[in-house]
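Student: Please take one part of this structure and go through it closely. Give the cut-offs with each term, and say first how the whole chain is held together.

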Amino acid sequence: MTDLAGHWYPEHSSAQAVATLELDQQTYRLQADGQVFQGKQATLNFSQRIGNIPRRITFSDGSVFVCEDNDAIDRWLGQVHHHDGRFHLLHRLESQWRWVILSLVVVFVFSLGFIWKGIPWISTEIARSMPIEVYQKLGSGTLMGLDKWLLRDSELPDEVQDRINLRFEKILNSIDQDEYHFQLHFRSMKNLANAFALPSGDIVVTDALVALAERDEELDSVLMHEIAHVVQRHGLQQIIHSSALTVIIALLLGDATAISNIAIALPAFLLESSYSRRHETEADDYALEKMVQAGIDPVHFANMMRKFMALEANGGAKAENASATENKINSYLSSHPATQERIERALEYAGRRAGS
Ligand SMILES: [Zn+2]
């Protein structure tokens with residue numbers, strides 16, 4: 001039971017009387033002006049707490065009890081079932097900064113978690129559930145466009161192309177993959193050592209890359225890695241990532257054009273490249289695993305990476321992980337340390353293979 005001291009104001013009267021109000025689980029009891037009024041507590045209306053302004057408790061007859069003991073009223077509202085109790089909760093949340101900070105932290109962590117883990121997970125699921133026909137269509141037009149704008153005919157002699165095609169077929173047999181229609185395309189690209197895969201299974205290899213690989217196994221390792229991008233459906237996942245990011249940024253800022261602002265574009269870009277680094281790691285793991293299975297020493301993968309690094313250090317070609325979204329900033333910011341990690345990972349596999 002709660003006893004409140006205050007003043008009572010009858011309706012349509014400026015008179016006031018010293019009064020006490022007893023509040024119970026179910027009932028109230030008001031003593032004022034020598035009289036006693038009783039009733040169900042549910043018929044009382046409590047004004048919302050605003051700082052330390054005295055509370056107004058209105059009775060069904062229109063009379064009002066005014067009381068300064070906000071804390072006692074809030075305690076009582078917190079203990080019983082009353083329709084004004086929600087104000088009490090609201091007030092408690094508002095007035096206790098710890099709750100506010102905690103909720104902010106929770107919202108922040110969940111948002112980060114969603115961006116960090118949720119988006120990749122969702123895009124993986126969507127990409128996985130797409131029928132294979134979608135992927136075939138994604139490839140055919142793209143290669144034509146690339147041929148028009150970016151790629152030139154290969155100058156590799158036919159016998160070299162035939163030899164590589166033969167090895168590629170051997171690789172495909174070893175990975176036991178018949179869902180995709182893989183095909184190698186030899187092109188040149190301004191002396192850039194590059195290989196990339198389209199979602200359809202079309203894999204483009206440049207003359208400079210073939211020249212860079214001193215051993216067949218080194219080229220095999222790059223091809224395995226590109227096959228992994230196709231099988232793991234990374235191309236479509238990247239499209240979904242960047243669309244999702246654009247939507248989220250637009251929702252947060254209420255303006256999609258803001259993505260052209262560098263302050264927003266850079267974090268978005270860093271997120272994008274972290275997603276694509278994740279893809280590189282996934283593709284590497286797949287490639288290294290399959291190399292071990294096919295009896296190819298993963299050390300060749302490490303050697304190939306070292307050659308890319310040396311090329312890049314000379315300002316020559318960009319790294320092999322050449323998705324269209326990756327550009328110079330990305331390779332400067334991320335692929336240098338990343339490439340070293342990739343080499344170490346390959347050596348790990350090579351060590352495991354030697355140990356088994
Ligand atoms: Zn890659």
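Tutor: Of the contacts between residues at least 6 apart in sequence, 59% join residues at least 24 apart, a contact being heavy atoms within 4.5 Å. The model is predicted, so local features need pLDDT of at least 70 and side-chain atom pairs pLDDT 80 or more, while totals for chains, interfaces and linings use all residues. Residues are numbered from 1 along each chain as its sequence is written, and side-chain values use heavy atoms, with hydrogens and water left out.

The protein has 11 helices and 11 strands; these are DSSP runs numbered from the N terminus, helices being H or I of at least four residues and strands E of at least two. Of its 356 residues, 44% are buried. Buried means under 20% relative accessible area, exposed over 50%, and partly exposed in between, with a 1.4 Å probe and protein chains only.

The part to look at is the sheet. It is open, has seven strands in the order β4-β3-β2-β1-β7-β6-β5, and its pairing is antiparallel. Because β4 (35–40) and β5 (45–46) each have a single partner strand, they stand at the edges, and one side of each has no neighbour in the sheet. Strands count as paired if DSSP finds at least two bridges between them. In general, strands of a sheet pair through backbone hydrogen bonds, either parallel or antiparallel.

T206 is buried, with a relative accessible area of 1%. Leaving aside neighbours within four places in sequence, T206 is in contact with R187, M189, L192, A193 and N194.

There is also a zinc ion in the model, and its protein donors include H225 (NE2) and H229 (NE2). Both histidines lie in helix α7 (residues 216–231), four residues apart, about one turn of the helix. H225 and H229 are both buried.

Technical notes:
Donors are N, O and S atoms within 2.8 Å of the metal (3.2 Å for Na, K and Ca); water is not among the atoms, so sites may look incomplete.
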